[in-house]
Amino acid sequence: METLHAVRAGGISKCFGEVVALDGVDLDVTQGQIHGLVGPNGAGKTTLLGLLLGLAVADSGRLEILGQQVGRAFAAPDGVAGFVDGPGLYPSLTARQNLAALAALRGGDARTAGIDDVLDQVGLTDVADDRARGFSLGMRQRLGLAAALLTRPRLLILDEPSNGLDPAGKRHVHGVLTRLAADGTAVVLSSHRMDDLEALCSEVTILATGRVVFSGPLSKLAAESRELDYRLRTSDPGAARRLAADTAGVRIVDDSVVRQDADVFVVRALTPALDELVAQVVRSGIAVRELAPVVSPLEAAFLALTDQEAGR
Amino acid sequence: MTAVAVAERTVTAPPVSVARGYRFELVKLVSQWRVRLLVLACWVAPALFVAGVSQQDTLPSDTLFGRWMHATGWAGPLVMLGFAGTWALPLLTSLVAGDVFAAEDRLGTWRHLLVAVRSPARIFVAKTLASVTVILALVAGLAVSSTVGGLLAVGNQPLVGLDGHLLSPGDAAGRVLLAWLCALAPTLALAAIGLLGSVALGRSSMGLLLPVLVALAMQVAQMLPLPVAVRLALPGYAFISWNGLFTSPAQLTPLLIAVAVSLAWAVLATALAHLLFVRRDFTNPAYDGSGRRAFTFGVLPLAALTAVTVGAVAVATPSTGSGIEQAKVQKSLAIVFAHLYRLQTEQLHRPAVTEAQLRTSAACTKSDGQAAQEGAGNDWRCVVSWHLPGVAVTGSAIYQLDITSDGRFVADGDGPKEVNGYFLVRTSTGDAPNPLWQFDGNVELLETQ
């Protein structure tokens, strides 16, 4: 099977003065893939996204975008769109005017550029003729996404696209990104919202201090992860706690901070041990009413890999 | 094993053309309420101002040509030009050119713009052209509106020139147009300084204020007793030297020098702004381009240009003094008096005389002869003498002159009352003060060829 790469980066380094923003970063993103970029503040995510958008050039390393080697010149291949550090919008223009001005800038006709279509995709049709000045952060994010969609990108770069989104906006954005990926567009997005990344991304890259500490499918990340904490709500918490204490590989965590009510307690275990506990609870006639990780596997891995576990 | 291949060959997207970028920038500028209000104000307010003032009993006689606003509609746009050179144009250039780059910093839209246009150099050209277009539209508004207001309120009458000679309406129209065109040169210089400030100082309000501050500094400098070479080498002098278009012959040398200096400032400041802009690192969102290096990079070359132009003007026109010398004051006053005497003669329906017949001369002293007989000051006292055909007695009249450093003077008649005192004269446009009572003139600072 042949895999088409939208991004192939090898050994990318970028410094700002004495600050090393990226240090030998590798990144592979195939077409039709939604790839998440995770890392603490200052990890180099925005710098990497900026390189992909053609806002800067790497000091060293190899970068190939949509099949084209990116050289020293300030340029990104055609078919790349997106935003970093928030979408660029002009508050004195309406949503439609912002998009029409962009379409005209690229030589398109505002009537045929698909402005109504992209506004509909991101759920902003009702406010199309309102000035962007009054838009909330979430609406601005969606309008920024609409602006990127106007170019019919084959590689979409989004920096924190979920910031400020309400549930409806989040649904619109997720729907758009999923459809784009299904149509073959590669999406690289950064986010601090682990639930979003888990819902959208097939692969993630975790950056810490400019270096890649993990890159690959989420399933691989889960397999590499350490024990996780799980909230367990049952019909008989006392009996369930006793079973947990007797199950090998399962520890009851001091959950006084986490626990909201007496029916819930927190256990720490790897997946096989947790499976065994659940089986025993069910066999004992105790109903399992809730079983969920206290933090998501991705977040747990992120914290572990970026040495922030101690902060939990 | 998965074979790896790259996507089909992709070409680098070409940068957006300057024409499209220009249109994009214009759309953004015109969408701002501030710019819309400025355009409206510049196209409406001058007409109302000129028409209103022209109908007042008291005219703005402290402004050049202000005392003639009741006599001709062509005085209005010149009064407006004097006001614009002092206040309006520096302010307009500040609000448009001084903000055109900084606005992107405030909005955080640089990266968006760079991704869309793909060429910092083209962004710079488009922004520069768009801001210059808006500034030109504002200047055109000031000129057209004040002219229309003047012509509608007063009419298409001859204009009394700065040396007292009468300009036909057609001639006046041409010179008014030329004067406004000459004022474009220092306006462009201020616009370029605004661009430079906007690029070099980023979000700082100093960037927005830079053209106003520079214009203010230039005005203060023009009030100081500077050598002529220094005065002419400052970019704001073209806001003054257009006065020379309204003498006969026109004082073109200082005007051309001032226009050339202004254009040199415009070119250098724009080039510096371009250089700073294309070298800016846009990957760092916290960095808005400002900094000591950018400031130094912008200021030092302009200081060097000033030094070079001062040297060049000093060599080309060896005028290192104030340019206001006794002989030139006397000559200038005599010429204005002769022209206005003819005007007064006509208004009083006396037998016509020519300037040659009048053989006017003036004898001027400064500080009653106690100080050096040169330089600006309000202590010049002159006695003007003239002859009338068939009259043996030589006429004489006394004037107090207030001469400013830029060579402009106001002559105030000090008797005899029948000649240069205050009385009203009936003219075709209504009663007007005796033209020999108080009048404007200027001393050509450079040596006349």
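Me: How many residues of domain 1 of chain B are in contact with domain 2 of chain B?

Reply: Two residues are in contact if their C-beta atoms, placed from the backbone, lie within 7 Å, and on that basis 19 residues of domain 1 of chain B meet 19 residues of domain 2 of chain B. On the domain 1 side there are 10 nonpolar, eight polar and one charged residues, where Ala, Val, Leu, Ile, Met, Phe, Trp, Tyr, Cys and Pro count as nonpolar, Asp, Glu, Lys and Arg as charged, and the others, Gly among them, as polar. The domains span 18-316 and 326-442, with bounds from an automatic or database domain assignment, and their centres, taken over C-alpha atoms, are 35 Å apart. This is a predicted model, in which local features need pLDDT of at least 70 and side-chain atom pairs count only at pLDDT 80 or more, while totals for chains, interfaces and linings use all residues. Residues are numbered from 1 along each chain as its sequence is written, and chains are lettered from A and ligands numbered from 1 in the order in which they are written.

Me: Why does B:Ser262 count as buried?

Reply: A residue is buried if 20 or more other C-beta atoms, placed from the backbone, lie within 10 Å of its own, exposed if 12 or fewer, and partly exposed in between. B:Ser262 counts as buried because it has 27 C-beta neighbours inside 10 Å. B:Ser262 belongs to helix H11 (residues 252-278) of chain B, helices (H or I, at least four residues) and strands (E, at least two) being DSSP runs numbered from the N terminus. Leaving aside neighbours within four places in sequence, the contacts of B:Ser262 include B:Ala185, B:Pro186, B:Leu188 and B:Ala189; B:Thr187, 75 residues away in sequence, lies 8.2 Å from B:Ser262, C-alpha to C-alpha. In chain B overall, 48% of the 449 residues count as buried.

Me: Which residues have the most contacts inside the largest nonpolar core?

Reply: A nonpolar core is a set of buried Ala, Val, Leu, Ile, Met, Phe, Trp, Tyr and Cys residues joined through C-beta atoms within 7 Å. The largest has 228 residues, and A:Ala146, B:Ala192 and B:Leu333 have the most contacts inside it. Its largest share, 19 residues, comes from helix H7 (residues 169-201) of chain B. A:Ala146 touches, among others, A:Leu99, A:Val118 and A:Leu119, not counting residues up to four places away in sequence.

Me: What is the order of the strands in the open sheet of chain A?

Reply: Strands pair if DSSP finds at least two bridges between them, and in chain A six strands form an open sheet with mixed pairing, in the order S6-S7-S8-S3-S9-S10. Strands S6 (80-83) and S10 (211-217) of chain A stand at the edges, each with a single partner strand, so one side of each has no neighbour in the sheet. Within the sheet, S3 (residues 34-38) and S9 (residues 203-208) of chain A run parallel and are joined by four bridges, with A:Gly36 opposite A:Val204.

Me: Where is an antiparallel pair to be found?

Reply: In chain B, strands S8 (residues 424-427) and S9 (residues 430-433) run antiparallel, joined by four bridges. A hairpin connects S8(B) to S9(B) through two residues, and B:Arg426 stands opposite B:Asp431.
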